[in-house]
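Have a look at the picture, then try each task before reading on.

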Amino acid sequence: MRGIVVRIEYALIGNGLIVREDLNGLIKVVNPKITSTKCPFCHTKMIEVGYRRFKCTKCVFEEDGDAIAIINLSKMGALPTQ
């Protein structure tokens, strides 16, 4: 398959890094570590208050860990915003 160029918009690779190609063809690499436990609004560490639910001790924001990760990754530019 040498010589074939594959275009990707975003993908999960090897050690958990997220790669996304933006509209200008630039590649953005983001490490998703702690994105589900860092408050997307005040950036403090959140505590677990239930099964996969986290709450910020500073601004009292509470949400599912997956939803928090999506918000944080979007702010980091790793996910497309529509």
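The exercises below go from charged side chains to strands and a helix. This is a predicted model, where local features need pLDDT of at least 70, side-chain atom pairs count only at pLDDT 80 or more, and totals for chains, interfaces and linings use all residues. Residues are numbered from 1 along each chain as its sequence is written, and side-chain values use heavy atoms, with hydrogens and water left out.

**Exercise 1.** Find the salt bridges (a side-chain nitrogen of Lys or Arg within 4 Å of a carboxyl oxygen of Asp or Glu).

*Solution.* 
- Step 1: searching the whole structure gives 2 salt bridges.
- Step 2: R52 and D66 form one of them, at 2.2 Å from N to O. R52 sits in the loop between β4 (46-50) and β5 (53-56) and D66 in helix α1 (residues 65-76), so this pair ties together parts 14 residues apart in sequence. Helices (H or I, at least four residues) and strands (E, at least two) are DSSP runs, numbered from the N terminus.
- Step 3: E62 and R53 also meet in a salt bridge, at 3.4 Å from N to O.

**Exercise 2.** Work out the strand order in the open sheet.

*Solution.* 
- Step 1: two strands pair if DSSP finds at least two bridges between them.
- Step 2: the 3 strands follow the order β4-β5-β6, with antiparallel pairing.
- Step 3: β4 and β6 (62-64) are the edge strands, each pairing on one side only.
- Step 4: β5 and β6 pair over 3 bridges, and F54 has E63 in β6 as its bridge partner.
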